[in-house]
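This briefing is intended for reading beside the sequence and the coordinates. Its points are grouped by topic.

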Amino acid sequence: MNSQLYTAASGMIAEERRLELIANNLANLSTAGYRSLRSFFEVYRGVAEKAPPERRAANAAVAIAGTFEVPGPGTARPTGRALDVALPAEGLIAVRTEAGRGYTRAGSLAVGPGGGLIDALGHPVLDTQGQPIAGLLTEPRIEGDGRVFDGENEVGRMLVVRFDADLLVRAGKSLFSARGNDKALEPLDEPELQPGYLEDPAGDPVSELVQLIEAQRAFHSYQKIISLTMNEVNRRAVNDIAGR
Amino acid sequence: MQRAMWSAASGMQAQQVQIDTIAHNLANVNTNGFKRSRAEFQDLLYQTLRAPGASSSSVTRNPAGIQLGMGSRTGSIKKLFSQGDVRKTDNPLDLTIQGQGFLKVLMPDGALAYTRDGAFTANAEGQLVNFQGYPLDPPITLPPDALTITVGADGTVSVTQPGQSTPTEVGQVELANFVNPSGLLSLGGNLLQPTEASGTAVDGTPGLDGLGTLSQGFLEISNVSIVNELVNMIAAQRAYDLNTRAIRAADEMMQQLNNMIR
């Protein structure tokens, strides 16, 4: 009885998840290299397969089926800083973290204490052999093809890999991890980096706001269904039918 | 909903840091040798409700995972060492570095501080000092009867004295450079101090080894672009607005939940 209650409740939970995604996107409106996450929903039918066709919809539940990131890249903004790089749409920079390899789109690189190339959190940037790039002493510079120079000396070539939605999970702090399967990521031979630029977050605030309103209204609709079921349908069932 | 609220709150904090940074840049638009800062943000942790590529049956896989983020955080505030605007002052003791490098001054505690502020004056002993009275390093002392003072592009300081037809060299201005100037620590008073992150100072002669040259009679002001700062400020303000909107949405949804049971 009252399966519509559970359908509506599942809808409320799904909309709540959607709101949480939107809030995270809005919180990262200034995070370089961030890509907004969107969600898609799926419908579970439960026991409905055995029910007659006209009753199937009544037994459904809705849930978030998955999250995916909006395609990038975001706008590349000129910064004039030699060690800022904007990445191509599908590229990620490989770095060494405490927990194995990480991958990032945050292209604000710097030179660390020992002359090594590091990312914004101090993780060493890796070369195509998987070793940290070092030897930057005077005039560090990055070329569009990923080669790193100190003045006129080439000190290494950055490892840039292709984004793979099946393998990469977001680990926070603008990092992705490949769930222990680093070898499966395809390195880009001609990465086409843009030195002197930083990538703005991809995903526009307008659609975030529209989705926010949508989630809020949908949540309200589900709430109305529950209130109506509890207050009206059940009351009338008890009073009008049973009271006869 | 709790998650949404905390995410949005972290977004508001980030935009607040953004505005603070912009305000500091704008306040120093006319500060000699000032370098603008840039706030950099990162996303916070993620809750992975379902990993991407997980199997949905023995032959099929989920097309996407479910990851919920927890907001953003301030990663760092970086100083950007691009060349600042240059103002002509005609004061012979005003120096501008064209290119990379820092001037060195000796602080009272004996440590060296580094600066792009090239406004020097001579103290009672004729020694070149900055506006706090800290002497330039290596020290340069002008003779009391100096008529004209010339600072060459390579940093040589020479003076002409009464009764002499050729100028006399009295000192040499040195510059220092760092492999990672963004890692320098700001001391206030236009002074910077080396840290572990900046690396050690590499001293040199102006114009050599990638160091900039000196221009006498000019002062380097800040590298703050008012237009850019204002555009960034508007963007930050709107982003702040949007985050409050997310909090309000979460709040209203919770209110509706509470109203369900009466």
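How many residues of chain B are in contact with chain A? In this predicted model, 56 residues of chain B are in contact with 55 residues of chain A, two residues being in contact if their C-beta atoms, placed from the backbone, lie within 7 Å. Local features need pLDDT of at least 70 and side-chain atom pairs count only at pLDDT 80 or more, whereas totals for chains, interfaces and linings use all residues. Residues are numbered from 1 along each chain as its sequence is written, and chains are lettered from A and ligands numbered from 1 in the order in which they are written.

- On the side of chain B that touches chain A, two or more residues each come from helix 1 (2-27), strand 1 (37-43), strand 2 (46-50), strand 3 (66-69), strand 4 (72-79) and helix 2 (226-260) of chain B; helices (H or I, at least four residues) and strands (E, at least two) are DSSP runs, numbered from the N terminus.
- Helix 2 of chain B supplies the largest share of that side, twelve residues.
- By class, that side of chain B has 26 nonpolar, 23 polar and seven charged residues; Ala, Val, Leu, Ile, Met, Phe, Trp, Tyr, Cys and Pro count as nonpolar, Asp, Glu, Lys and Arg as charged, and the others, Gly among them, as polar.
- The axes of helix 1 (residues 3-27) of chain A and helix 1 of chain B come within 8 Å and cross at roughly 5°; axes are lines fitted to C-alpha atoms, for helices over the stretch in contact, and angles run from 0 to 180 degrees between N-to-C directions.
- Helix 1 of chain A is therefore roughly parallel to helix 1 of chain B, a term for angles under 35 degrees.
- Residues making this helix contact include Leu19(A) and Ala23(A) of helix 1 of chain A and Ala4(B) and Ala8(B) of helix 1 of chain B.

**Nonpolar core**

- The largest nonpolar core has 97 residues, and those with the most contacts inside it are Ile93(A), Tyr103(A), Val125(A), Ala8(B) and Ala246(B).
- Such a core is a set of buried Ala, Val, Leu, Ile, Met, Phe, Trp, Tyr and Cys residues joined through C-beta atoms within 7 Å; a residue is buried if 20 or more other C-beta atoms lie within 10 Å of its own, exposed if 12 or fewer, and partly exposed in between.
- Helix 2 of chain B gives the most to this core, with nine residues.

**Strands of chain B**

- In strand 1 of chain B, seven of its seven residues are buried.
- Strand 1 and strand 4 of chain B pair in the antiparallel sense over seven bridges, pairing being assigned if DSSP finds at least two bridges between two strands.
- Within strand 4 of chain B, Ile77(B) stands opposite Ala39(B).
- Three strands of chain B form an open antiparallel sheet in the order 11-12-13.
- Strand 11 (148-151) and strand 13 (168-172) of chain B stand at the edges, each with a single partner strand, so one side of each is left without a neighbour in the sheet.

**Local backbone features**

- The peptide bond from Gly72(A) to Pro73(A) is cis, with omega near -5°.
- A cis peptide bond also runs from Asp137(B) to Pro138(B), with omega near -10°.
- Asp90(B) has a positive phi of about 65° although it is not a glycine; Asp90(B) is exposed, with 8 other C-beta atoms within 10 Å.
- Asp209(B), likewise not a glycine, has a positive phi of about 55°; Asp209(B) is partly exposed, with 16 other C-beta atoms within 10 Å.

Conventions: Angles under 35 degrees count as roughly parallel, over 145 as roughly antiparallel, 65 to 115 as roughly perpendicular and the rest as oblique.
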